[in-house]
Amino acid sequence: QTPPPATQPGSHTFYTSSHWSAEFYYCDTDDGWKGLSPKYLKSFPSAEALLQSYPDRMLHEPCQ
């Protein structure tokens, strides 16, 4: 499954799992998100947008 293109050039897409046990969110340059189940995969145009829906998520280490 191909991720949706970022809405603006130079912007990043952020990914998380909607599964109840998920702890992290991922930037598009971190391959970690590719291991998430497509069933639960959610993408967001910014970290801020993701954290509005999933405020308890932590940024995965390679993205920092």
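Reply: Asp30 lies in the loop between strands β2 (24-27) and β3 (41-44); helices (H or I, at least four residues) and strands (E, at least two) are DSSP runs, numbered from the N terminus. The model is a predicted one, in which local features need pLDDT of at least 70 and side-chain atom pairs count only at pLDDT 80 or more, while totals for chains, interfaces and linings use all residues. Residues are numbered from 1 along each chain as its sequence is written, and side-chain values use heavy atoms, with hydrogens and water left out.

Asp30 is buried yet has no salt bridge. Here, buried means under 20% relative accessible area, exposed over 50%, and partly exposed in between (1.4 Å probe, protein chains only). A salt bridge is a side-chain nitrogen of Lys or Arg within 4 Å of a carboxyl oxygen of Asp or Glu. The nearest side chain of opposite charge to Asp30 is that of Lys34, 9.0 Å away; Lys and Arg count as positive and Asp and Glu as negative, whereas His and the chain ends are not counted.

The side chain of Asp30 does make a polar contact with the side chain of His60, at 2.5 Å. A polar contact is a pair of N or O atoms within 3.5 Å; within protein, one must be able to donate a hydrogen and the other to accept it, and residues adjacent in sequence count only if both atoms are side-chain atoms. Leaving aside residues up to four places away in sequence, Asp30 touches His60, Pro62 and Cys63, where contact means heavy atoms within 4.5 Å.

Lys34 does have a salt bridge, with Asp31, at 3.2 Å from N to O. Asp31 counts as exposed because its relative accessibility is 52%, and Lys34 is exposed too, with a relative accessible area of 54%. The whole structure contains two salt bridges. In the other, Arg57 joins Asp56, with the closest N and O atoms 3.3 Å apart. Arg57 counts as buried, at 8% relative accessibility, whereas Asp56 is exposed, at 55%.

Cys63, a contact of Asp30, also belongs to the largest nonpolar core, which has eight residues, among them Phe14, Cys27 and Leu50. Such a core is a set of buried Ala, Val, Leu, Ile, Met, Phe, Trp, Tyr and Cys residues joined through side-chain atoms within 4.5 Å. Cys27 touches Cys63 as well as Thr13, Phe14 and Trp33, not counting residues up to four places away in sequence.
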